[in-house]
Structure formats: structure tokens, C-alpha cells
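Work through the exercises below with the sequence and structure at hand. Each task is followed by a solution in steps.

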Amino acid sequence: MAQRICIVGIGESACGHVPDTTALQLHQQAAHAALTDAGLAPHDIDGLFSCGDDWTHPLQLAEYLGLHPAHIDSTQLGGASWEIFVAHAAAALQTGRCTAALLVHGSRARSDLRQQRRPDAWRAPRGPQQFESAYGLTLIGKFALAARRHMHEYGTTSRQLAAVAVTANRWAQRNPNAFHHGTPLRVEDALRSPMIADPLRRADCCLRTDGGGAVILTTEERARDLRRAPIFVLGAGEAVSHLHMSQWAEMPEMVAKDSARRAFEEAGIAPPDVDVLQVYDAFTIMVLLSLEAMGFCGRGESGWFVESGALAPGGALPTNTDGGALAANHPGVRGVLSQIEAVRQLRGEGGDRQVPDAQVAVCNGIGGYLSACGTVVLGR
Amino acid sequence: MSAHKATAWGYLPVIDAESAPFWAGAQRHKFLFRHCNHCGRNHFYPRHACPACWSDNCEWRAAAGTGRVFSYTVIHQNDNLPFRDVLPYIVALIDLSEGIRVTTNIVECTPETVHVGMPVEVVYEAITDTVTLPQFRPALRAAS
């Protein structure tokens, strides 16, 4: 039987708004914190998992960190990459291609925002994109198309979308490191926020923060010598559906139904077994679609499920317990940060936001435009 | 009102080998799609080979130009020209009568009246000498 794989270290860089740092520096800070947490040294790391804007990223990162990994993976699937890295790292560790895997991300998503939004950033569309970009379909507009379709099919309301944002904000009030800590949000505030791409308003959209995170995985055997009690990877799955919105045949049913089924089967669990859920929430609609695709509620029921308080502190399915991308931190993607929060909950280090006796946590990463999903099941 | 003005066209389609017949058709006010003679399926955007069965025995056909709104969004924020000058505008996914789904603007329609299921028909706007952009408006005749 294959060796069990576990997370033995987690770490975060400075986060929020840290303009006087570089993205590489944030990677190093996060990786250093995770190594310290695990009780490992840089030379112990022989597997590197990270992705960035172009093909040079993994080379640049290894060079900057002074690492010479025996196994390197830069699979770039947007916001799904980091959960998919866990699946790939587990396979690499089980087959001995590496012995200690570092997943690390860092970004100046907040400090570089102005530069990335310059008006000439809208480039001439090549390839299949020419059939979409010429019509002015913005990034948020893509998510809005799915939200509108969900509203049409199931009667989902703007108030239910707002409930997702408000729930995230409630968790953020229990997380002193959350960007919106101390800035409560009410449903009425969310519904009055400016429309960006109907039906999505500003309150339906994520933060952009600077920051970074790192996770270290190794085998159960290697973990016996390390500082921290291991958090086991019980299952992992990945799936992709489309890139262009017109090609998403099953819209708004997200391909998390496949990634979650694969992960849950491997872990031998079902949705009711999950104590804590972390789902990528760049936009409120992503949470609703995840809940349905992963089987936490029936199709079309997610709006009511959220309004019932199930995801909130004290609810049946505590979700995005640090405040998520909507209210805590979002350095370009969530992935690693979702896993860090899941590990904290499973270790019992959640502080004011600790879910009592959390045994099983699930992370769901979403990449592209609801295009790719990676699901990971973690347990004590 | 059109979502497009001939002010800043840096984002115009870069026409390539697979898309050239489509854009040539649009200039003649034909909405062309691909039909697979092997498996009988239609597809869009156009590929040389069929994405369902991978046969390259495909041909161009002209759509009737009618369909219904599958979903839509009204864009209220876009910093990029020419779109920032025409806010708010409608972007929609349309299911054409031939069973293909296309991304487009809906024109001659207010944000208050667009809705899922709305019948639409194609209209053409000449942007440059080489690009005529198919868009859709509320149907004056019923969708088939």
C-alpha cells in the first residue's frame, strides 16, 4: 500500500499591503516560515511546486531560493493550481521522486494593481479568444454570466449572493490578520455597493492583497522526526471543463463535481463527514457553485443553504473560516492560503475562529473562469 | 446602441487560418459555423477538425441567424477603450437554432429588457475593411 502523505509545515509572508517587498521576497518569507514550522532546513527541500506568470517562474524561483530540486512542477491552472499541486506532490512523494515538497506562492497583487489595470492591457485577441474578447467580456463579466444563469434556473437572488460576502466578513471579524477585520459588512451594504458586471456588485468581488503562503509535504515516515503532528492528505482530485464561457456545456454546474468525487472517493468520505470547508471565493457565486457541485447541498439550493447560516460561525458547515478571499487575504490566488487555514483548524490553532474538534477539512481551488477545479481532503 | 465605436481597435480579432472564412462570411452578412460530415455535429468557435470525433471532414455552413439568450451580463465597469465609452453594455451567450453557443453583444436593447430566453437575431456592424462584427438584437421575427 502507498505511503500516507502529510502536511508538516505551513507559513505565511507579510500580507495585506506591503509595497516595499518584491514578489520573490514574499515567496521566501512564506517558505522560510513553513520550514521553521516543520523543523526543516532549505537543503531538505527536493521538490518544488509553484507557478507564476510565465515559464521562467519556476527557474527564477528555484534560483532565488538557492534550491536545486530533484522534482519540479509548475502546472499552471490559475486558482486551481495549488490544490492540484497537492495531488501531484503526493504522487511524487509516494513514488520517491522527492522526499520533501515545498508549495509556495507570493504576489504583489495589491501593490501592482494600478500597473495591471492600465488601459492598454486589453490586448488584441488571438486564437479562439477572438470570438470572445471583441465583445468586451471582462473577467468579472465571465463570472456574472454563470451567476445570471444560476439565478434564472433556480431563482437565486442578489441577497443570497450578498449573504456569502457577509458570512465571509463575519469570519474575518474573528481573524485579527484579515484585511476586513474591524470593518463589518451588512447585507444592505453589499446590495448597495456599485454594480460591476450585473448581477455582481463590488461586494461580490474579492480583495486584492499582497502576500504569500507555503506548505510543506512529506511522507508519514519522514514526518515522525519532525516538530509538528502531521495533517494527512486523505484524498485529492482534479478536473477541467472549458476556457471560453461559450464552451462550458454544463454551465452553471461546475466541474468540482468531478474533482470532489475523485477526492472524496480516495478519502473514503462523504460531504456530511466534512467539519471545515475552504473554497476559493474570488466571487460570491464561486461559493454557491462549489457547494452544489461538491454535494454539500442539492442543485439550486445553495442560496438558501448560505442564508440559513450553515457556513457561518456556529453553522453546520463552517466555510472559509479565516474570511477567505472576500474578506481576509487574496494575493492573486487563494490556494495555499486555503490549505494553511485548513491545517490551522485541524491542528486546533484557529483561535477565536476555531471549529470545535475539527477532524476533516476540504479545500477546493478554482482556476480560470470556473474552468478548473482541484479538491483536497485533509485529516488529522 | 452599439457597444463599439471606431476609436480604439487594438483588441480587434487577429484573423488566422481557422477563423478567416468566418470573418469573410461576416463581411457578406453570413454567420458561418462548422458542420462535421462524419458525426453530424455542429460546432463553434470554428476548428479545422471536429472537437467531438476529431474528423477533419468538416464544412462551413451558414446559420439562420436566430437564437435565444442562454445568459447575459450588463458590464458597468471596463477601463479599456472602446468599451469604457459605451458603458453599460450587454454581453450574452446565445444558443443559435443550429445548436451552437456564441458569445456576443446584444444591441438595440436596454439593460432593463434583456432576459434569459429572449429571442434574438443577428445584425452586422462593419468595424474596419476586414472586420465586420456579428452582434444580436431582440428578434423582430420568432426564433425557429
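Predicted model: local features only at pLDDT ≥ 70, side-chain atom pairs only at ≥ 80, totals over all residues.

**Exercise 1.** State how many helices and strands chain B has, and in what order the elements run.

Solution. Begin with the count: chain B has one helix and eight strands. Then follow the elements from the N terminus, where the order reads α-β-β-β-β-β-β-β-β.

**Exercise 2.** Decide whether the radius of gyration of chain B agrees or disagrees with that of a compact globule.

Solution. Start from the length of 144 residues, for which a compact globule would have a radius of gyration near 15 Å. Chain B has 16 Å, so the value agrees. Next take the extent of the C-alpha trace, about 45 × 35 × 25 Å along the principal axes of chain B. As for burial, 36% of the 144 residues count as buried.

**Exercise 3.** Describe the side of chain B that touches chain A: which strands supply it, and how do its residues divide?

Solution. First count the contacts: 31 residues of chain B meet 30 residues of chain A. Strands S4 (66-75), S5 (89-96) and S6 (101-106) of chain B each supply at least two residues of this side. S4(B) gives the largest share, six residues. By type, the residues of this side of chain B are 18 nonpolar, 11 polar and two charged.

**Exercise 4.** Find which strand of chain A is joined to S4(B), and in which direction the two run.

Solution. Look at strand S5 (residues 195-198) of chain A: two bridges join this strand to S4(B), and the pair runs antiparallel. Then locate a bridge: A:Ala197 has B:Ile75 in S4(B) as its partner.

Methods
Residues numbered from 1 in each chain as written. Chains lettered and ligands numbered in written order. Contact = placed C-beta atoms within 7 Å. Helix = DSSP H or I, 4+ residues; strand = E, 2+ residues; numbered from the N terminus. Nonpolar A, V, L, I, M, F, W, Y, C, P; charged D, E, K, R; others polar. Pairing = 2+ DSSP bridges. Rg over C-alpha atoms; globule rule 2.2 N^0.38 Å. Buried ≥ 20, exposed ≤ 12 C-beta atoms within 10 Å, placed from the backbone.
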